[in-house]
Amino acid sequence: MMKRHMARELAVQSLFQMELSDLTAQEAIEFAVEGKEYDTFVEQLVNGVETNKATIDQHIREALVNWSFERLGNIERTILRLAVYELLFETNIPVRVTINEAIELTKAFADEEATKIVNGVLGKVAQGVVKENS
């Protein structure tokens, strides 16, 4: 079985492709995996983000402080969407795991400043999720 970190990386790459082109989720996944085997978790994440994008984006917008949604870079927005999807809809995944994974993905794909933004937004979204579920 593919490690979840790798699945998240492929999901980010797929979602990023979809943001920049008119590829379907399946086409973007196939583009990202380049013919290699992959875990169904990749599809679950990509389809989940795509299906729930309006709700996810609303949570991101509400959590941004002194920063506009439109000002986020494509990669930061993509990583945030993936992590917020997990926080809202994949409740079997511990919150800290989701946030740590997002930070690692941000370090891999973006710059130091982006890491701070991603961490701040996810901290706020996570607090809201915890309140809703308690």
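Reply: Helix α1 passes helix α2 in a right-handed crossing; a crossing is right-handed if the near helix is turned clockwise from the far one by less than a right angle, and left-handed if anticlockwise. This is a predicted model, in which local features need pLDDT of at least 70, side-chain atom pairs count only at pLDDT 80 or more, and totals for chains, interfaces and linings use all residues. Residues are numbered from 1 along each chain as its sequence is written, and side-chain values use heavy atoms, with hydrogens and water left out.

Helices are DSSP runs (H or I, at least four residues) and strands are runs of E (at least two), numbered from the N terminus. The axes of α1 (residues 4-20) and α2 (residues 25-33) come within 8 Å and cross at roughly 125 degrees. That makes α1 oblique to α2. Axes are lines fitted to C-alpha atoms, for helices over the stretch in contact, and angles run from 0 to 180 degrees between N-to-C directions. Angles under 35 degrees count as roughly parallel, over 145 as roughly antiparallel, 65 to 115 as roughly perpendicular and the rest as oblique.

On the α1 side, L10, Q13, S14, Q17 and M18 meet A25, A28, I29, F31, A32 and V33 of α2, where contact means heavy atoms within 4.5 Å. The residues of this contact divide into eight nonpolar, three polar and no charged. Ala, Val, Leu, Ile, Met, Phe, Trp, Tyr, Cys and Pro count as nonpolar, Asp, Glu, Lys and Arg as charged, and the others, Gly among them, as polar.

Helix α6 (residues 95-109) also packs with α1, at an angle of about 60 degrees and with the axes 11 Å apart. α1 is therefore oblique to α6, and passes α6 in a right-handed crossing. H5, R8, E9, V12 and Q13 of α1 make this contact with V97, E101, E104, L105 and F109 of α6. Its residues are four nonpolar, two polar and four charged.
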